[in-house]
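Dear colleague,

I am handing over a structure that will be new to you, and I would ask you to look it over with the notes that follow it.

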Amino acid sequence: RDESLFRNRITADGSAGFRAEPERYHLYVSLACPWAHRTLIVRTLRGLEDTISVSVVDPYMGPDGWSFSDRPGCTRDTVNGATLLREVYLKAMPSYTGRVTVPLLWDRKTATIVNNESADIVRMLNREFNAFASRDVSDLYPDSLRPEIDRWNALIYPTVNNGVYRAGFATTQDKYEAAVRSLFETLNIIEEHLGRHRYLCGTRLTEADWRLFATLVRFDAVYYGHFKCNLRRLSDFENLWDYARELYQVPGIAATVD
């Protein structure tokens, strides 16, 4: 993943330039993308479905990138009327030549992109829209656990979240083998940890768990075979398998998985 270009922030009071308001923001996602899935998870956990609308691109990325279609589970772009997600990027920045990625958070009021970095979007949905939440507002990034959450994220992102892609898209054998070794070294660390703790940070579900879950839920279906991350299946890990199944059964989460 390249570094995201659009990094503006929404805050509850609008102090960063964008105020949290109902029906103002629109989220573009792909159900195939684990980074987009993170944002859908937090939107669901918070009960923000009526506050932040969503468009779902076709899961097949063709030569023109992400597109909108009538394929089951997909939607048309009801906000900008685009055929390709690239058109939304160009509407916000006509000179844009970077990668067109999901998730993407759009502001209807100013007709521009707020942010296209999933980590930022997750944290905005976690805290800044609580006034409009209809479900649990337990902080997924509490002050007391931030150092621990950051440590897990720093380990899991390069070796697991991004690691499966480093393996799947490797162009040389040595890079592929290095990515797979790092991936399974981290999975073994987490497996051992979960033998003593319910969640990554103990007894409380946090952002770190959901960032990991979006990769785990795709592991046996996609990464094990298609991306050749096949030293072990997720279901071969006793603790990781139980952990992933428990997170899947949190109310509302199953509906975000396709």
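Helix H3 (residues 118-127) is largely enclosed by the rest of the structure, because eight of its ten residues are buried, where buried means under 20% relative accessible area, exposed means over 50%, and partly exposed lies in between (1.4 Å probe, protein chains only). The buried residues of H3 are Ser-118, Ala-119, Asp-120, Ile-121, Val-122, Met-124, Leu-125 and Asn-126, and they pack against strand E1 (10-11), E3, H1, E5, E6 and H7, contact being taken as heavy atoms within 4.5 Å. Helices (H or I, at least four residues) and strands (E, at least two) are DSSP runs, numbered from the N terminus.

Please keep in mind that this is a predicted model, in which local features need pLDDT of at least 70 and side-chain atom pairs count only at pLDDT 80 or more, while totals for chains, interfaces and linings use all residues. Residues are numbered from 1 along each chain as its sequence is written, and side-chain values use heavy atoms, with hydrogens and water left out.

Two helix pairs come next. The axes of helix H4 (residues 146-161) and helix H7 (residues 207-216) come within 9 Å and cross at roughly 10 degrees, which makes H4 roughly parallel to H7. Axes here are lines fitted to C-alpha atoms, for helices over the stretch in contact, with angles running from 0 to 180 degrees between N-to-C directions; angles under 35 degrees count as roughly parallel, over 145 as roughly antiparallel, 65 to 115 as roughly perpendicular and the rest as oblique. On the H4 side, Ile-149, Trp-152, Asn-153, Ile-156, Tyr-157, Val-160 and Asn-161 meet Glu-207, Ala-208, Arg-211, Leu-212 and Thr-215 of H7. Thr-215 counts as buried, at 2% relative accessibility, and, leaving aside its neighbours within four places in sequence, Thr-215 is in contact with Val-160, Asn-161, Val-164 and Tyr-223.

For the other pair, the axes of helix H6 (residues 173-194) and helix H9 (residues 238-248) come within 8 Å and cross at roughly 75 degrees, so that H6 is roughly perpendicular to H9. In this contact, Leu-187, Ile-190, Glu-191 and Leu-194 of H6 meet Glu-238, Asn-239, Leu-240 and Tyr-243 of H9.

The backbone also deserves a careful look, since most residues other than glycine have a negative phi, and most peptide bonds are trans. Glu-23, in the loop between strand E2 (18-19) and strand E3 (25-29), has a positive phi of about 65 degrees although it is not a glycine, and at 60% relative accessibility Glu-23 counts as exposed. Ala-111 likewise has a positive phi, near 55 degrees; this residue lies in the loop between E5 and strand E6 (112-115) and is partly exposed, with a relative accessible area of 34%. A cis peptide bond, with omega about 5 degrees, joins Val-102 and Pro-103, and Pro-103 is found in the loop between helix H2 (85-92) and strand E5 (104-107).

With kind regards
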